[in-house]
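Subject: Handover of the two-chain model

Hi,

Here is the structure I promised to pass on. My notes follow below it.

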Amino acid sequence: MASSFAVSARRPLTTGEKLLEINWGFLLLITLIASAGFAMLYSIAGSSFSPWAGPQMLRFGIGLALLIVVAMVDIRVWMGLAYPAYGVALLLLVAVESIGHVGLGAQRWIALGPLQIQPSEMMKITLVLALARYLHGIGVEEVSKPSKLLIPLAMIAAPAALVLHQPNLGTAIILVLDGCALLFLAGLSWWWITPTIGGAAAAVPVIWQFLHDYQKQRVMTFLNPQDDALGAGWNITQAKIAIGSGGFTGKGFLEGTQSRLNFLPEKQTDFIVTAFAEEFGFLGCMVLLALFATVIFYGIRIAMTSHSQFGRLVAMGVTLNFFFYIMINGLMVMGLIPVVGIPMPLVSYGGSAMLTVMFGFGLLMSVHVHRRTEVPQRASGII
Amino acid sequence: MPLFDRKDKSRYATFSRRTLISAGAMTGIFSVLAGRLYQLQILDFDEFMTQAEDNRISERLVTPPRGRIVDRFGVELANDRRNYRVLLVPEQVQGSAIASVDAVSRLVPISPTQREKTLRDISENRSFTPIVVVENLSWDDFARINLHLPYLPGIQPDVGETRAYPFGASFAHVLGYVASVGPDDKKDDKDPLLDQPGFRIGKRGIEKAFDKQIRGRPGVTRVEVNAHGRIIRELSRDAATPGEDVHLTLDSALQNKVSECLGSESAACVVMDAVTGDVLALESSPGFDPNLFNIGISTTKWRALTTNDHSPLMNKALAGAYPPGSTFKSVIAAAAVDAGIAVPGFTVFCSGSLTLGNHNFHCWKRGGHGTMDLRGAIKNSCDVYFYETARRLGIDRIEKAAHAFGFGAATGIEVPGERSGAIPGRAWKLRRFGVPWQQGETLVTAIGQGYVLTTPLQLCTMTARIASGKAVLPRIVHSVGAEHQPPVPAGPLEFSAAALDAVRGGMDATANEPGGTAYAWRITEPGFEMAGKTGTAQVRVITRDERARGVVKNEHLPWKLRDHALFVAYAPVLNPRYACAVIVEHGAVAAHPQVQMARDILLFAQQRDVANRPTAYPATSAGAIVTKRG
């Protein structure tokens with residue numbers, strides 16, 4: 001093991017070798033998770049591939065291809081692209097303010113011919129890349145220096161503020177969580193972390209003032225869903241009925257009454273898990289959670305085996321991003337936190353989020369494939 | 001193990017430590033998720049399962065068909081007509097719903113108001129709710145829609161049911177009508193049917209009085225629905241119990257004849273079987289089309305009905321209380337015979353007036369009638385004879401006799417809205433006005449003026465009692481479903497045969513002897529002759545001035561100020577069977593329209609032989625109808 005490793009570290013891998021290096025078990029794992037999504041989209045459409053299951057399978061196929069292509073690209077190339085890509089995403093976020101489409105009352109899209117680009121989704125990837133590159137370039141003792149800390153904080157704050165203004169609270173939270181997690185992993189001093197958490201808790205009343213009415217309403221509804229059982233509280237109440245009525249073994253595939261009879265709101269997107277919980281019950285949910293946990297376990301293992309700080313941070317950034325999706329969506333549909341628009345990764349219907357997640361897994365796989373590649377301190381010269 | 005330079009080694013150590021912490025945090029969150037799932041799906045399963053079932057299954061009422069109302073021979077007076085209509089389901093339409101409505105309007109005419117209503121319904125309802133595009137189509141129009149159906153996506157031909165009154169206005173006052181349920185209707189009635197969309201409830205007449213029986217009982221269908229209320233499938237169904245049929249004692253042919261005779265006059269007429277009390281016709285004119293209220297009456301039409309000075313919405317036969325005028329003299333006559341006053345040979349000289357105290361009481365005939373016996377007094381309707389007779393009788397005996405003929409109290413007929421009228425007396429006046437009775441008032445009462453108020457139904461009941469000699473009571477409902485109301489066995493009348501014979505003789509003379517007040521309009525067909533008594537009810541007070549100048553003829557007064565014309569009659573003279581009372585408001589003119597009407601009606605009834613024709617009442621009957629009569 002040690003000898004082959006020493007050899008491969010010195011010379012670039014061929015494409016064939018790279019394909020062999022890809023963790024195909026991991027791909028099988030995410031295909032299983034996505035299949036749970038296909039099954040539910042098929043079920044809630046009344047046993048039909050249209051309008052959701054069919055397109056979703058096609059997107060997942062495209063996503064898999066994208067994942068493999070991204071995995072083939074040398075991580076040093078990704079490191080070189082990190083700042084320019086971040087810059088483009090930031091510019092697009094600014095652009096969406098002026099020319100973006102208003103979807104569901106929020107400005108989130110830019111139309112580029114037939115393509116609809118959601119810069120906030122792009123930002124989730126590029127922020128991880130850019131922060132990883134920056135933190136790769138400085139030592140662990142430098143991270144906590146105010147002069148060095150200012151730049152990554154600005155890199156997080158700028159897109160988060162723009163996304164919040166769209167308004168898209170869910171994505172803004174994910175961006176901040178992603179960024180802070182990377183700073184934490186890179187070794188940010190506890191002297192920074194502890195007071196920040198304390199300060200954030202104190203700032204909650206101030207943030208409340210800046211929330212949109214609909215966001216405030218969601219929080220209020222979350223706190224008292226019975227007050228408005230047929231209005232805004234409907235989502236939470238019906239979602240809980242769907243999950244709870246699934247019981248231990250579930251009502252059976254294609255037998256969910258809540259989801260199939262339209263009692264569930266946004267059932268094909270953010271609330272798809274409730275349909276799954278209804279039809280497959282507690283057992284099914286535990287299996288799904290286990291699959292998610294396995295994906296995260298793989299992500300951590302890939303991060304730990306990477307030879308470069310950039311690789312480690314990218315791998316953990318992608319993995320944590322995936323985890324934050326699961327956490328927020330899961331807590332939301334089970335009525336533990338207010339409703340914020342965050343889909344369940346791989347399972348919920350939607351093109352943008354699917355591509356973002358698959359691109360992220362592509363980067364994860366690239367880190368895995370190129371785990372022995374030595375990455376220089378400075379990216380200059382790679383691109 | 002990865003290769004490290006010295007700098008990266010410390011970074012890796014930190015990273016590993018921090019990753020471990022992250023992994024711990026993630027495990028914690030996953031535990032929260034799993035714990036929450038355990039709570040919802042295992043611990044609270046029963047509660048959520050119940051809620052999910054409630055979401056899924058909806059119980060819906062099935063509206064029963066309303067019972068029919070038929071006449072004594074089984075002719076339908078109110079039924080549930082098939083309503084051929086066209087529905088549109090917006091979500092099934094290809095293109096715009098408006099275009100579909102227009103496509104239908106090219107095949108069958110759609111009124112602008114209906115079109116407006118349709119478009120409003122489309123915008124206000126969910127897209128799977130069927131909307132009425134046009135209804136009450138003829139079979140031909142309906143067939144045309146069906147023929148073009150392949151080219152009309154989203155259009156559904158449908159056969160609904162709607163209340164229909166085939167005879168329109170002629171039966172409106174007896175039957176009443178049905179209309180949408182109002183807030184007042186729900187106050188005392190908790191029947192869930194009242195909340196059904198489009199449900200109709202009886203608002204007047206028989207439709208109101210027997211609404212609960214005619215309405216039927218709802219069925220229940222259990223359906224699986226989605227969150228939008230769309231029915232996915234029917235799980236089970238309990239059929240509705242149809243409403244019960246009501247059999248009336250009316251004869252539709254006679255009723256239509258009455259309606260035709262009354263014409264456009266503001267008038268009322270009741271025809272009874274004098275022996276059984278069965279009401280054969282009961283009409284108030286003008287009527288109104290009860291079908292209008294079912295569909296929803298327009299403001300203009302409603303205003304036209306409420307502002308009409310002929311009061312088409314009032315059932316004058318029951319709710320109209322009029323001074324009976326000279327028709328009341330029969331009561332005085334019968335009482336006078338039994339009191340031993342009008343004994344054979346008793347006469348009164350009529351000089352044209354009678355003086356009591358310092359008042360002069362005039363006869364309608366200024367020159368007077370001369371010497372009058374009872375028969376002549378009735379025949380000529382001599383006021384002075386009855387002034388004198390009443391003076392001797394006194395108000396107490398008059399009051400008692402009037403009650404014996406059925407006045408002063410509601411007859412208890414099954415049609416709602418009946419008034420009881422008024423028969424004055426000493427106690428009555430003291431109670432009402434707080435002052436004692438004056439003898440002059442007895443005289444005014446004798447000619448059916450003053451405080452006396454009677455309804456045409458009471459007048460007809462009186463006539464039937466005179467004709468049959470029994471205390472008959474009117475009934476108009478024979479049976480409701482299986483509940484049968486036998487004719488009330490008529491008790492004996494509190495008058496001697498001699499008294500009744502005397503009154504009958506006077507009424508016979510009135511119509512059939514030359515000089516009688518109704519002679520000019522008698523029935524000439526042999527065997528069908530009628531006996532009757534005319535009457536005039538004063539609408540205004542005639543001033544002393546006018547008396548001095550001579551009585552102004554009614555023809556020369558404005559319609560509203562003319563006196564009411566009354567006539568009560570029975571036929572045939574021998575073995576009477578039919579009793580009839582007619583009032584024509586402001587109709588006291590020389591042509592005596594009320595007598596002509598009664599003549600035509602009684603002749604028609606006899607020739608048709610209504611009372612002896614075999615009826616079409618249901619064969620089986622059990623129990624009795626609970627009415628206010630007890």
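Which residue in β15(B) does T355(B) stand opposite? T355(B) stands opposite N360(B).

First, the ground rules. This is a predicted model, in which local features need pLDDT of at least 70, side-chain atom pairs count only at pLDDT 80 or more, and totals for chains, interfaces and linings use all residues. Residues are numbered from 1 along each chain as its sequence is written, while chains are lettered from A and ligands numbered from 1 in the order in which they are written.

**The hairpin in chain B**

Strands β14 (residues 353-356) and β15 (residues 359-362) of chain B are joined by 4 bridges and run antiparallel. Strands here are DSSP E runs of at least two residues, helices are H or I runs of at least four, and both are numbered from the N terminus. Two strands pair if DSSP finds at least two bridges between them. The hairpin has 2 residues between its strands, and G357(B) takes a positive phi near 60 degrees there.

**Sheets in chain B**

The secondary structure of chain B comes to 23 helices and 23 strands. One open sheet has 3 strands in the order β1-β8-β9, with antiparallel pairing. Its edge strands are β1 (57-62) and β9 (231-238) of chain B, each pairing on one side only. Neighbouring strands of this sheet are turned by 30 degrees against each other on average, direction ignored. Axes are lines fitted to C-alpha atoms, for helices over the stretch in contact, and angles run from 0 to 180 degrees between N-to-C directions. Strand β8 (residues 219-225) meets β9(B) through 6 bridges, antiparallel. V220(B) sits opposite D238(B) in β9(B).

Another open sheet has 5 strands, ordered β12-β11-β23-β22-β21, and its pairing is antiparallel. The edges are β12 (279-285) and β21 (531-537) of chain B, which pair on one side only. The twist averages 10 degrees from one strand to the next. Within this sheet, β22 (residues 564-571) and β23 (residues 578-584) of chain B pair over 7 bridges in the antiparallel sense. L566(B) has I583(B) in β23(B) as its bridge partner.

**Burial in chain B**

Of the 630 residues in chain B, 43% are buried. Buried means 20 or more other C-beta atoms within 10 Å of a residue's own, exposed means 12 or fewer, and partly exposed lies in between, with C-beta atoms placed from the backbone. Helix α20 (residues 456-468) of chain B has all its residues in that class: 13 of the 13 are buried, so α20(B) is largely enclosed by the rest of the structure. At 1.5 Å a residue, its 13 residues should span 18 Å, and the end C-alpha atoms are 18 Å apart, which agrees. The expected span is 1.5 Å times one less than the number of residues. Just after α20(B), G469(B) takes a positive phi of about 75 degrees.

Among chain B contacts between residues at least 6 apart in sequence, 74% join residues at least 24 apart. A contact needs C-beta atoms, placed from the backbone, within 7 Å.

**Where the chains meet**

37 residues of chain B are in contact with 42 residues of chain A. On the chain B side, the elements giving two or more residues are α1 (6-43) and α2 (45-56). α1(B) gives the most, with 22 residues. By class, this side has 19 nonpolar, 10 polar and 8 charged residues. Ala, Val, Leu, Ile, Met, Phe, Trp, Tyr, Cys and Pro count as nonpolar, Asp, Glu, Lys and Arg as charged, and the others, Gly among them, as polar.

**Helices in chain A**

Helix α3 (residues 24-44) of chain A has 21 residues that should span 30 Å at 1.5 Å a residue, and its end C-alpha atoms are 30 Å apart, which agrees. Its buried residues include F26(A), I30(A) and M40(A). Among the elements that cover them are α4 (53-72) and α13 (272-305) of chain A. L27(A) is also found in α3, but L27(A) is partly exposed, with 16 other C-beta atoms within 10 Å. Just after α3(A), G46(A) takes a positive phi of about 75 degrees.

The axes of α5 (residues 75-99) and α6 (residues 119-136) of chain A come within 8 Å and cross at roughly 145 degrees. The residues of this contact divide into 16 nonpolar, 2 polar and 1 charged.

Technical notes: Contact = placed C-beta atoms within 7 Å.
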